[in-house]
Amino acid sequence: MIDYRRKTVIKGQQELRCGYTTGTCAAAAAKAAAVTLLSGEICRDVSLQLPGGEHIILETEFLECSENCVKCGMIKDAGDDPDVTHGHQIVATVSFSDSPGIHFLQGKGVGKVTLPGLGLAVGEPAINSTPRKMIVNELSLLYGGGLDVTISVPEGETLALKTFNPKLGIIGGISIIGTSGIVKPFSSEAFVDAIRKEVEVAYAINAERLVINSGAKSEKFVRSLYPNLPPQAFVHYGNFIGETLKIAAETGFQKV
């Protein structure tokens with residue numbers, strides 16, 4: 001078993017600690033809740049398989065229990081990454097369902113998708129595909145019937161204002177994300193992935209062109225040049241102008 005919270009990466013002269021994504025936290029909380037619901041015994045430590053195949057053991061918090069519903073949580077540890085969700089609670093509530101399979105419901109503080117282009121149906125809770133797969137894989141091994149999984153983040157509505165979610169059309173809270181399950185401090189991959197999501201949303205809503213800019217001040221200026229474009233058409237490239245142009249081309253934009 002690997003504890004990625006003790007694993008470090010080197011950035012410049014610093015040794016920085018890794019952490020876990022919101023998706024990993026949600027999956028751990030959901031599994032703990034499901035085990036408690038099915039066994040009747042409180043489960044706090046759960047083993048979890050990451051998308052890369054590694055197995056980890058995480059400690060969760062028992063919150064509430066009834067005959068048909070169990071709620072568990074986990075405190076998000078992002079390591080040394082300046083993640084807005086670091087130190088906040090990710091909660092999963094699992095209950096029996098009359099319909100077969102695993103069903104995802106929107107809890108308080110988790111956003112709802114209102115625009116196409118994110119790989120999720122409009123109206124669905126903003127729980128990305130990798131966390132969904134992790135939860136489905138773990139819970140399907142435990143139970144062959146139907147389960148409802150509600151993910152919530154108590155302070156998610158406030159935290160979301162510090163993210164790109166409002167611009168991406170995700171309303172009411174944060175997204176449950178993570179492709180590897182691991183947070184690498186100051187990861188350029190995470191930033192580029194966020195750019196890709198923004199570009200894909202802009203393309204999906206049929207923006208006639210993409211306008212890339214370095215930051216808030218330059219965006220304010222270029223918005224005055226293209227007043228008829230929707231807000232989603234303006235994307236910050238940060239230090240990744242080359243990657244942003246490649247993403248625009250791969251997505252299908254003809255004008256940048």
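In the predicted model, R196 is partly exposed, with a relative accessible area of 28%. This residue takes part in a salt bridge with E250, in which the closest N and O atoms are 3.2 Å apart. Because E250 belongs to helix α7 and R196 to helix α5, the bridge ties together parts that are 54 residues apart in sequence. E250 has a relative accessibility of 56% and therefore counts as exposed.

E157 counts as partly exposed at 43% relative accessibility, while K108 is exposed, its relative accessible area being 55%.

The search of the whole structure finds three aromatic pairs. One of them, formed by F96 and Y143, is edge-to-face, with 5.6 Å centre to centre and 65 degrees between the planes. F96 is located in strand β8 (residues 89-97) and Y143 in the loop between α2 (129-142) and β12 (146-152); the pair therefore ties together parts that are 47 residues apart in sequence. F96 is partly exposed, at a relative accessible area of 33%, and Y143 likewise counts as partly exposed, at 30%. The pair of F191 and F240 is tilted, with a centre to centre distance of 5.5 Å and an angle of 35 degrees between the planes. F191 lies in helix α5 (residues 188-204) and F240 in the loop between β17 (234-236) and α7 (241-251), so this contact ties together parts that are 49 residues apart in sequence. With a relative accessibility of 32%, F191 counts as partly exposed, whereas F240, at 18%, counts as buried.

An open sheet is formed by five strands in the order β6-β7-β8-β12-β9, and its pairing is mixed. The edge strands, each of which pairs on one side only, are β6 (61-65) and β9. From one strand to the next, the twist averages 25 degrees. Within the sheet, strand β7 (residues 69-75) pairs with β8 in the antiparallel sense over seven bridges, and G73 stands opposite V91 in β8.

Two of the helices named above are in contact with these strands. Helix α1 packs on the sheet and touches β6, β7, β8 and β12; the direction of α1 makes about 40 degrees with that of β8. Helix α2 lies across β9 and β12 and runs at about 135 degrees to β9.

Terms used. Residues numbered from 1 in each chain as written. Predicted model: local features only at pLDDT ≥ 70, side-chain atom pairs only at ≥ 80, totals over all residues. Heavy atoms only, no water. Phe/Tyr/Trp six-rings, centres within 6.5 Å; stacked < 30°, edge-to-face > 60°. Helix = DSSP H or I, 4+ residues; strand = E, 2+ residues; numbered from the N terminus. Buried < 20%, exposed > 50% of the residue type's maximum accessible area, 1.4 Å probe, protein only. Salt bridge = Lys/Arg side-chain N within 4 Å of Asp/Glu carboxyl O. Pairing = 2+ DSSP bridges. Axes fitted to C-alpha atoms, helices over the stretch in contact; angles between N-to-C directions. Contact = heavy atoms within 4.5 Å.
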